[in-house]
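Subject: Structure handover, disulfides

Hi,

Here is the structure I promised to pass on.

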Amino acid sequence: MIRTTATGLLFVLVVGAPVPAAALGPDQLAVIVNTADPYSVEVGEYYARRRRIPRANVVPITLPAGHAAISREDFEAGKAQLDARAPATVQALALASTTPFRVDCLSITTAFAFGFDPAFCAEGCRPTRPSPYFDSPSRAPFRELMLRPAMLLAGPSVAKAKAMVDRGIVSDGTFPTGTAYLLSTSDRARNARAAGYAQVEALGPRVRVERIDGDELRDRSDVLFYFTGLAAVSGLETLRFRPGAIADHLTSTGGVLTGHDQMSALRWLEAGATASYGTVVEPCNFRSKFPQPAVVIGRYTQGETLIEAYWKSVASPGQGVFVGEPLAAPFRARAR
């Protein structure tokens, strides 16, 4: 169960006028395919084809398949293959995988983004290394910051992963109407983000915001963002998510994608969201270790891709895994 901390990182978000973003494109994304995992091969090839990723950017590596967690040594062998084969133009990574989602004490998306760095780990209620990418203006994170934000093309099945990919692609350039639902729950420890909800309202008319004091959202057909804090979220089967929607729940092990008693982040994707986030080891309720709604909503609605906006919203991502369709960009005009 998540534990309350006495200290944490506080944020002051400066909200200005919208500035159109020059977001990442297919030629700047590498698709990592684990040759030991049939799921990875099929989903990776599908994604590369649908997103028109350059063939040189589809990078085969070998990792142990079917395991929730892998060792640092096994990871570093696969990471070395990526580093040797990825074009220098690649700024971000899509890992066609559901498992593994953890490397020793780190999320696998952090390990691929930064390399294995123990400073991103923590035992007990302690802060972890901050990300220089947090709420940054960077448009080329590898060139400018020497990191490649990573996201899992994850799903409970190949078919559902492909459906998630399709939702992201369909969302591009649609400038969708929809609502950001911000729930203040009865779970005091997991409700830590509610203190920042006013910052979302300060973003202005870019998205409709509805704050709800309650543990459940039901019977809505316009869900564009959904942020809450609970071990498990009910009512998802009654909701309709807009293509490109982002949703997550602050809890200890939402990033344990398979085989845990708390709700997996994959449940959001099954319900129709296009991306989610969860932690893979006990993070305690540091706000810095979870997405900040004002940052992700602000940057996404300015035109950044999903991977950029989501990654920039987590100050200390070492223990958290990002899942979804990286290049979804509902608020960026389509290229002619």
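For what follows, a disulfide is a pair of cysteine sulfur atoms within 2.5 Å. Keep in mind that this is a predicted model. With that cut-off, the count comes to two disulfides.

Let's take C125 and C284 to begin with. Their sulfurs sit 2.0 Å apart, so by the 2.5 Å cut-off the two are joined by a disulfide. The link is left-handed, with -75 degrees about the S-S bond. As for accessibility, C125 is partly exposed at 33% relative accessible area, whereas C284 is buried at 0%.

Now for C105 and C121. These form a disulfide too, with 1.8 Å between the sulfur atoms. Its handedness is right-handed, at 55 degrees about the S-S bond. C105 belongs to the loop between β5 (102-103) and β6 (106-107), and C121 to the loop between α3 (108-114) and α4 (141-145); the two cysteines are 16 residues apart. C105 has a relative accessibility of 24% and counts as partly exposed, but C121 is buried at 12%.

And how do the disulfides pair up along the chain? Counting the bonded cysteines in order, the pattern is 1-2, 3-4.

Cheers

How values were computed. Residues are numbered from 1 along each chain as its sequence is written. This is a predicted model: local features need pLDDT of at least 70, side-chain atom pairs count only at pLDDT 80 or more; totals for chains, interfaces and linings use all residues. Side-chain values use heavy atoms; hydrogens and water are left out. Helices (H or I, at least four residues) and strands (E, at least two) are DSSP runs, numbered from the N terminus. Buried means under 20% relative accessible area, exposed over 50%, partly exposed in between (1.4 Å probe, protein chains only).
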